[in-house]
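Here are my notes on this one, jotted down while going through the coordinates. Have a look at the model first, then read on.

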Amino acid sequence: HPPPVATDKEEQKRLLENRPDQPRNAKVLRIAIIGAPNAGKSTLSNQLLGRKVFPVSRKVHTTRCKARGVITHEDTQLIILDTPGLTSPLKAKRHNLDEAMLTDPWDSMKHADLVLVLVDVSDHWTRNSLSKEVLRCLSQFPHIPSVLVLNKVDILKKKFLLLEIATDLTEGIVNGKKLEVKSTLKQDSRSSAKFPLRITQASSPESKVPRSAFGQEKNQAQEGSGLDRSSDIGGVGPGEAQGPEHHGTEDLKDVKGWPHFQEIFMLAALRGEEVDTLKRYLLMQAKPGPWEFHSDVLTNQSPQEVCDNIIREKILEYLPLEVPYGVTQVTEMWEEGECGELLIMQSLLVPRESHKRMLIGRGGKVISKIAREAGQDLMNAFLCDVRLKLRVEVK
């Protein structure tokens with residue numbers, strides 16, 4: 001079971017400053033998850049962690065800062081860099097976003113050993129091409145191995161479209177090999193009923209292990225669908241081991257996909273489907289190296305930040321349009337009650353009287369719902385009883 005987040009600020013600080021409890025053969029992998037806003041990055045991060053510490057909402061730009069999640073499994077530590085959605089300066093201005101929202105994803109890439117590119121296949125406007133920001137990010141760091149993750153496949157009614165999407169986003173090449181399509185028949189017991197397509201790479205004679213993570217049986221992910229440590233990135237020949245070329249921004253104008261992905265995974269992060277397959281793959285990619293965090297650490301966020309983010313997630317969920325982006329949160333009380341429960345009181349400051357009415361709702365329904373749902377999520381993060389009170393004021 002993943003550890004809870006400490007409820008006491010000092011205790012969490014102590015845990016973060018603690019020297020990690022290094023096992024004998026420690027392994028580590030830093031993973032940057034990038035994608036367009038609302039692709040499901042935080043949902044996937046929470047599912048991988050096994051506890052909710054990152055805010056999730058249908059509105060864009062719920063994640064405002066680069067927070068880290070820590071998965072410690074036996075001798076391996078995975079560090080997830082949950083980043084804000086890649087956005088442009090114009091959109092950042094429209095949503096009143098900090099400058100950091102533009103630089104944080106790039107910053108995370110600099111520290112990553114592996115990058116997961118998340119694409120929402122349920123969005124028919126954007127699913128057949130990677131966003132310019134994502135392509136720019138990948139071409140800026142071509143030496144970092146990248147994996148394509150097709151998310152929300154459960155929502156896609158026409159599963160055969162996954163083939164077209166995968167081909168477009170990879171330009172028909174995965175791990176240096178051309179994609180081959182195999183239609184999986186119903187009597188094929190190995191295939192997943194949920195994902196009726198199996199796509200494999202046309203493997204070269206010398207490769208012993210099928211590299212693709214498409215529709216493979218789960219135990220295969222454990223045994224070695226991972227990339228070979230010695231292989232060149234993008235599967236280039238011996239004479240050209242530099243990996244993919246660095247593209248200038250102007251070269252990306254007509255580019256839709258990235259032909260240097262090592263693997264493709266298809267999953268439904270919200271329902272947790274196939275997330276374990278991805279997690280096993282990530283654990284296999286870890287390389288020998290010292291742990292960064294103590295095994296009792298789940299996130300580098302303070303308890304206060306976890307609380308603020310979760311409350312803000314609910315405000316984003318239940319308020320219309322741009323209204324939630326103008327709410328300021330002020331914590332008035334944070335203490336332990338007589339029975340060990342956590343008592344939190346927070347004031348929500350809004351710029352207008354009309355916003356106050358919206359946030360409270362008729363008969364206090366909206367604010368009660370926000371407090372109830374946020375309280376539930378905080379119990380899951382802190383693993384203790386939480387009593388949360390919210391007050392709305394015009395600032």
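**Notes on the model**

At 3% relative accessibility, Asn 175 counts as buried.

1. Staying with that residue: keep in mind that this is a predicted model. Asn 175 sits in the loop between β6 (173–174) and β7 (177–183). Its phi is near 55°, a positive value in a residue other than glycine. The cut-off for buried is under 20% relative accessible area, so Asn 175, at 3%, falls in that class.

2. Glu 274 is another one to look at. Phi here is positive too, about 70°, although Glu 274 is not a glycine. You'll find Glu 274 in the loop between β9 (261–266) and α8 (275–285). Buried or exposed? With 17% relative accessibility, Glu 274 counts as buried.

3. The buried ones are Val 275, Thr 277, Leu 278, Arg 280, Tyr 281, Leu 282, Leu 283 and Gln 285. Note that Arg 280 and Gln 285 are on that list along with the leucines.

4. On to the nonpolar cores. The largest has 53 residues, and Leu 44, Leu 116, Leu 282 and Leu 359 have the most contacts inside it. Helix α11 gives the most to this core, with 7 residues. At least three residues come from each of domain 1 (9–181 + 254–288) and domain 2 (303–394). A second, separate core has 40 residues, including Val 117, Leu 150, Val 174 and Val 255.

5. What does Leu 44 touch, not counting residues up to four places away in sequence? The partners are Ile 33, Leu 116, Leu 118, Leu 267, Ala 269, Val 275 and Leu 278. Val 275 and Leu 278 in that set are also among the buried residues of α8.

6. Now a helix pair. The axes of α9 (residues 303–318) and α11 (residues 365–382) come within 9 Å and cross at roughly 145°. The crossing of α9 and α11 is right-handed. On the α9 side, the contact is made by Pro 303, Val 306, Cys 307, Ile 310, Ile 311, Glu 313, Lys 314, Ile 315 and Tyr 318. Helix α11 puts in Val 366, Lys 369, Ile 370, Glu 373, Ala 374, Asp 377, Leu 378, Ala 381 and Phe 382. By class, the contact of α9 with α11 has 13 nonpolar, 5 charged and no polar residues. As for the spacing, an α-helix has 3.6 residues a turn, so residues three or four places apart point the same way.

7. Leaving aside neighbours within four places in sequence, Asp 168 is in contact with Asn 128, Lys 256 and Gly 257.

8. Finally, the overall picture. The protein chain has 11 helices and 13 strands, and 52% of its 395 residues count as buried. Among contacts between residues at least 6 apart in sequence, 72% join residues at least 24 apart.

Terms used: Residues numbered from 1 in each chain as written. Predicted model: local features only at pLDDT ≥ 70, side-chain atom pairs only at ≥ 80, totals over all residues. Heavy atoms only, no water. Axes fitted to C-alpha atoms, helices over the stretch in contact; angles between N-to-C directions. Helix = DSSP H or I, 4+ residues; strand = E, 2+ residues; numbered from the N terminus. Left-handed = near helix turned anticlockwise from the far one by under 90°. Contact = heavy atoms within 4.5 Å. Nonpolar A, V, L, I, M, F, W, Y, C, P; charged D, E, K, R; others polar. Buried < 20%, exposed > 50% of the residue type's maximum accessible area, 1.4 Å probe, protein only. Core = buried A, V, L, I, M, F, W, Y, C linked by side-chain atoms within 4.5 Å. Domains from an automatic or database assignment.
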